[in-house]
Amino acid sequence: MPPADVHVSLKELSRLCAEAGFGPDDVPETALAALAGYLELLMKWNRVMNLVGTHTWQATFRTLIVDSLHLARFLRTLDLPEAPETWDLGAGAGLPGIPLRAVWQAGTYHLVDAREKRTLFLSNVLARHPLPGTVVFRGRVEEFMPTRPKADCVVSRAFLPWPEVLGLVHDHVAPGGVVVFLANEGAPATLPADWRVAARAEYVVQAPPPRGRGGAAAGDVTTRHLWAVALA
């Protein structure tokens, strides 16, 4: 029997956005509907594919979706072109990419992942809830990069250790482009000689539950970091 559908209340989702510090200017009504649609599909598919470690859409919002909303706020502070070429490496279940594109739709955004089941899920999401300029690429990053113009923005969340990411994309970042990391630690004290920290931010969210266990204890919080590096 296929997993049952999940219903996300727009009213409750709006309340959770406000609770996390994001109002209607950050998450307009159209974005709210896109977020709800994504959460419904993610929770449904998660029952058979184990896409994320959370088990309710509310916990998923509090521990994962908020990263995308903070990332959108961070990207707006960067000096990016009006229509940037953005690559999301190791896009996985679409976090942070899909919720990010619900609220930040500048330029073209490529969700890159080599895993067939993950890209099938992402393609299904975009077929049901189209997001402007958002494209799925199934294949290795090394296969993808030569097919595109140089990137204005590269997004990496737990794809590879940051030194490996910088080495991998070094020759594929446009002049003035940045690599943005979502991490549990701040920017390192030292970077390879030809890179510099361009911007950084931090925020606090409810701690995610250990994978395969119950929810996090009430009041548990963790600090997360965003940092952008550019070629010096």
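Colleague: At roughly what angle do the axes of helix α1 and α2 cross?

Modeller: Please keep in mind that this is a predicted model. Helix α1 covers residues 10-19, and its axis comes within 10 Å of the axis of α2. Angles of 65 to 115 degrees count as roughly perpendicular, and α1 and α2 are therefore roughly perpendicular to each other. The angle at which they cross is roughly 105 degrees.

Colleague: Which residues in α2 are met by α1, and how many polar residues does the contact have?

Modeller: From the side of α1, the residues that take part are L10, L13, S14 and C17, and in α2 they meet L32, A33, L35, A36 and L39. Sorted by class, this contact of α1 with α2 has 8 nonpolar residues and no charged ones, and the number of polar residues is 1.

Colleague: What is the angle between α2 and helix α3, and which hand does the crossing have, left or right?

Modeller: Helix α3 spans residues 57-75, and its axis lies 10 Å from that of α2, with a packing angle of about 110 degrees. That angle makes α2 roughly perpendicular to α3. As for the hand, the crossing in which α2 passes α3 is right-handed.

Colleague: Which residues of α3 make the contact with α2?

Modeller: By class, the contact of α2 with α3 has 7 nonpolar residues, 1 polar residue and no charged residues. On the α2 side the contact is made by L35, Y38, L39, L42 and M43, and on the α3 side by W57, T60 and I65.

Colleague: Are α1 and α3 perpendicular or oblique to each other?

Modeller: The axes of α1 and α3 are 11 Å apart, and the two helices pack at an angle of about 50 degrees. The crossing of α1 and α3 is right-handed. Since roughly perpendicular begins at 65 degrees and roughly parallel applies under 35, the angle between them makes α1 and α3 oblique.

Colleague: How many charged residues does the contact of α1 with α3 have?

Modeller: In α1 the residues involved are E12, L13, R15, L16, C17 and E19, and they meet W57, Q58, F61, R62 and L69 in α3. By class, this contact of α1 with α3 has 6 nonpolar residues and 1 polar residue, while the number of charged residues is 4.

Colleague: Is H70 buried or exposed?

Modeller: H70 lies in helix α3, and, leaving out residues up to four places away in sequence, it touches F22, Y203 and L226. Its relative accessible area is 14%, and buried means under 20%. H70 is therefore buried.

Colleague: What is the relative accessibility of V165?

Modeller: V165 lies in helix α7, residues 162-169. Not counting residues up to four places away in sequence, V165 touches S156, F159, L160, V179 and F181. V165 counts as buried, and its relative accessibility is 0%.

Colleague: Which residue is joined to P96 by a cis peptide bond?

Modeller: P96 lies in the loop between β1 (85-89) and α4 (97-103). The cis peptide bond has an omega of about 15 degrees, and the residue it joins to P96 is L95.

Colleague: Is A158 buried or exposed?

Modeller: A158 is found in the loop between β4 (151-156) and α7, and it has a positive phi of about 55 degrees although it is not a glycine. Its relative accessibility is 78%, and exposed means over 50%, so A158 counts as exposed.

Colleague: And what is the relative accessible area of N50?

Modeller: N50 lies in the loop between α2 and α3, and its phi is near 55 degrees, a positive value in a residue other than glycine. N50 is partly exposed, with a relative accessible area of 45%.

Definitions and conventions
Residues are numbered from 1 along each chain as its sequence is written. This is a predicted model: local features need pLDDT of at least 70, side-chain atom pairs count only at pLDDT 80 or more; totals for chains, interfaces and linings use all residues. Side-chain values use heavy atoms; hydrogens and water are left out. Axes are lines fitted to C-alpha atoms, for helices over the stretch in contact, and angles run from 0 to 180 degrees between N-to-C directions. Helices (H or I, at least four residues) and strands (E, at least two) are DSSP runs, numbered from the N terminus. Angles under 35 degrees count as roughly parallel, over 145 as roughly antiparallel, 65 to 115 as roughly perpendicular and the rest as oblique. A crossing is left-handed if the near helix is turned anticlockwise from the far one by less than a right angle, and right-handed if clockwise. Contact means heavy atoms within 4.5 Å. Ala, Val, Leu, Ile, Met, Phe, Trp, Tyr, Cys and Pro count as nonpolar, Asp, Glu, Lys and Arg as charged, and the others, Gly among them, as polar. Buried means under 20% relative accessible area, exposed over 50%, partly exposed in between (1.4 Å probe, protein chains only).
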